[in-house]
Amino acid sequence: IGPFSVKDVGSKAWMRQHNLIEQLNIQAHKNAVTRHDEFVVEAILEYEKIPTLIHHLLCTEAWKEKIFPLIYSNVKLSACIKV
């Protein structure tokens, strides 16, 4: 897991990492609910990935707030999925 810039949001590499983060989030939630070993949290702390996760969150939010509104009409017209 590494940092990406706002311009990289949506790229193939960014999507791969985003999906990985989503899977880790789901696993961490399952571990917390079932009170099992919190290996995801421990790994994030051990490998000092909290700043990277915060960076990922901020870039994603900045993209949604600043970039997506600019391209929304084009995406809405050309997308085959509901936006």
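Guide: A helix is here a DSSP run of H or I that is at least four residues in length, and helices are numbered from the N terminus. The model is a predicted one, and the part to examine is helix H3, which spans residues 50–78.

Lys64 and Glu61 both belong to helix H3, and they stand 3 residues apart, about one turn of the helix. Their side chains meet in a salt bridge, with a distance of 3.3 Å from N to O. A side-chain nitrogen of Lys or Arg has to lie within 4 Å of a carboxyl oxygen of Asp or Glu for a salt bridge to be counted. The structure holds 1 such salt bridge. In general, side chains of opposite charge can pair when their charged atoms come close.

The exposure of the two partners may be considered next. The class "partly exposed" runs between the limit for buried, under 20% relative accessible area, and that for exposed, over 50%. Lys64 counts as partly exposed because its relative accessibility is 45%. Glu61 is likewise partly exposed, since its relative accessible area is 38%.

Helix H3 also takes part in a nonpolar surface patch. This patch, of about 440 Å², is made by Val41, Leu45, Ile50, Ile54 and Leu58. Helix H3 gives the most to the patch, with 3 residues. Helix H2, at residues 39–46, and helix H3 each supply at least two residues of the patch. Among the patch members is Ile50, a residue found in helix H3. With a relative accessible area of 39%, Ile50 is therefore partly exposed; membership of a patch requires over 30%.

Glu48 is classed as exposed because its relative accessible area is 65%.

Arg35 is exposed, for its relative accessible area is 77%.

To return to helix H3: Lys64 and Glu61 are joined there in a salt bridge, and helix H3 supplies 3 residues to the nonpolar patch.

Definitions and conventions
Residues numbered from 1 in each chain as written. Predicted model: local features only at pLDDT ≥ 70, side-chain atom pairs only at ≥ 80, totals over all residues. Heavy atoms only, no water. Patch = residues over 30% accessible without salt bridge, like charges linked within 9 Å, V, L, I, M, F, W, Y side chains within 5 Å. Areas by Shrake-Rupley, 256 points an atom, 1.4 Å probe, with all protein chains shown as cover. Buried < 20%, exposed > 50% of the residue type's maximum accessible area, 1.4 Å probe, protein only.
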